[in-house]
Amino acid sequence: MLDAALARRRENAARKPRRGTTGAKGEKRLRGYSGSGPDPRDPALFGDVLQRLMKARGWERPKAEATVFGAWEKVVGPEIASHSRPVKLDGGVLTVEAESTAWATQLRLLAATLLRNIAGEVGHNVVTKLNIHGPAAPSWSKGPRRVQGRGPRDTYG
């Protein structure tokens with residue numbers, strides 16, 4: 001019986017490594033306290049860990065696109081942000097809605113500067129073109145009973 005027990009012990013030792021000596025991939029596992037030098041187990045800032053995770057998973061582009069919408073005031077400045085808002089980003093084309101047609105004209109004149117500011121803030125080739133338009137006019141063609149004609153102008157006098 002003693003020989004059988006020793007044989008089983010040798011088989012088990014050959015099959016799996018001793019606990020604490022190797023990790024899941026076979027590399028030497030670190031045990032105990034870290035020394036005075038840098039160690040992968042040392043505490044890290046949450047922002048650094050999040051940055052590494054985003055890079056490892058390939059989330060830089062979606063993050064940059066979300067920054068355009070989430071930090072619009074920081075990207076274009078407070079005055080422009082108070083008179084405009086980003087609506088859609090599709091294939092590098094950012095659609096911006098201005099509060100008036102005058103502001104839409106001004107933003108079209110500032111398009112090159114805005115693209116430069118956006119590229120400096122979120123990275124190059126995230127936004128390649130700006131599509132700027134004025135406020136959306138109300139649509140009078142809604143409802144189940146619509147009459148063809150000049151629209152609401154007929155009712156004002």
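Colleague: Hi! What is the strand order in the open sheet, and what kind of pairing does the sheet have?

Modeller: Hello! This is a predicted model, and in it the 3 strands of the open sheet come in the order β1-β2-β3, with mixed pairing.

Colleague: Which strands stand at the edges?

Modeller: Those are β1 and β3, the latter covering residues 129-133. Each has a single partner strand, so one side of each is left without a neighbour in the sheet.

Colleague: And by how much are neighbouring strands turned against each other?

Modeller: On average by 25°, with direction ignored.

Colleague: Let me step back a bit. How many helices and strands are there in the chain?

Modeller: The protein chain has 7 helices and 3 strands. Read from the N terminus, the elements go α-α-α-α-α-β-β-α-α-β.

Colleague: Do β1 and β2 run parallel or antiparallel?

Modeller: Antiparallel: 6 bridges join β1, residues 84-90, to β2, residues 93-98. The two strands form a hairpin with 2 residues between them. In that turn, glycine 91 has a positive phi of about 65°.

Colleague: Which residue in β2 is the bridge partner of arginine 85?

Modeller: That's glutamate 97. Further along, lysine 88 stands opposite threonine 95 of β2.

Colleague: Back to arginine 85 and glutamate 97. What do their side chains do?

Modeller: They meet in a salt bridge, at 3.5 Å from N to O. The pair links distant parts of the chain, with glutamate 97 in β2 and arginine 85 in β1, 12 residues apart.

Colleague: Is glutamate 97 buried or exposed?

Modeller: Buried, because its relative accessibility is 19% and the cut-off for buried is under 20%.

Colleague: What else is glutamate 97 in contact with?

Modeller: Leaving aside neighbours within four places in sequence, its contacts include His83, Ser84, Val87, His133 and Gly134.

Colleague: Let's take threonine 95 next. Buried or exposed?

Modeller: Threonine 95, also a β2 residue, counts as buried at 10% relative accessibility. With its neighbours within four places set aside, threonine 95 is in contact with Arg85, Pro86, Val87, Lys88, Asn131 and His133.

Colleague: You've brought up Val87 a couple of times. Where is valine 87 found?

Modeller: Valine 87 is in strand β1, and its relative accessible area of 38% makes it partly exposed. Beyond its neighbours within four places, valine 87 contacts Phe69, Thr95 and Glu97. The C-alpha atoms of valine 87 and phenylalanine 69 are separated by 8.2 Å, with the two residues 18 apart along the chain.

Colleague: Now the helices. Which strands does α3 lie across?

Modeller: Helix α3, residues 60-70, lies across β1 and β2 and runs at about 160° to β1. Helix α7, residues 111-122, packs on the sheet too, touching β2 and β3. The direction of α7 makes about 125° with that of β3.

Colleague: How many salt bridges does the count come to?

Modeller: It comes to 3. One of them joins the side chains of arginine 61 and glutamate 65, at 3.6 Å from N to O.

Colleague: What separates arginine 61 and glutamate 65 along the helix?

Modeller: About one helical turn, because they are 4 residues apart in α3. Arginine 61 is partly exposed at 40%, and glutamate 65 is partly exposed at 27%.

Colleague: What about lysine 74 and glutamate 121?

Modeller: Their side chains meet in a salt bridge as well, at 3.5 Å from N to O. This pair links distant parts of the chain: lysine 74 sits in α4, residues 72-76, and glutamate 121 in α7, 47 residues apart. Lysine 74 counts as exposed at 61%, while glutamate 121 is partly exposed at 34%.

Colleague: Change of topic: the surface. Which residues make the nonpolar patch?

Modeller: Phe46, Leu50, Leu53 and Trp59 make a nonpolar surface patch of about 410 Å². Phenylalanine 46 lies in α2, residues 46-57, and counts as exposed at 66% relative accessibility.

Colleague: Last one: how much of the chain is buried?

Modeller: Buried residues make up 22% of the 157 residues. The chain exposes about 12,700 Å², and carbon and sulfur atoms supply 54% of that.

Notes
Residues numbered from 1 in each chain as written. Predicted model: local features only at pLDDT ≥ 70, side-chain atom pairs only at ≥ 80, totals over all residues. Heavy atoms only, no water. Pairing = 2+ DSSP bridges. Buried < 20%, exposed > 50% of the residue type's maximum accessible area, 1.4 Å probe, protein only. Areas by Shrake-Rupley, 256 points an atom, 1.4 Å probe, with all protein chains shown as cover. Axes fitted to C-alpha atoms, helices over the stretch in contact; angles between N-to-C directions. Contact = heavy atoms within 4.5 Å. Patch = residues over 30% accessible without salt bridge, like charges linked within 9 Å, V, L, I, M, F, W, Y side chains within 5 Å. Salt bridge = Lys/Arg side-chain N within 4 Å of Asp/Glu carboxyl O.
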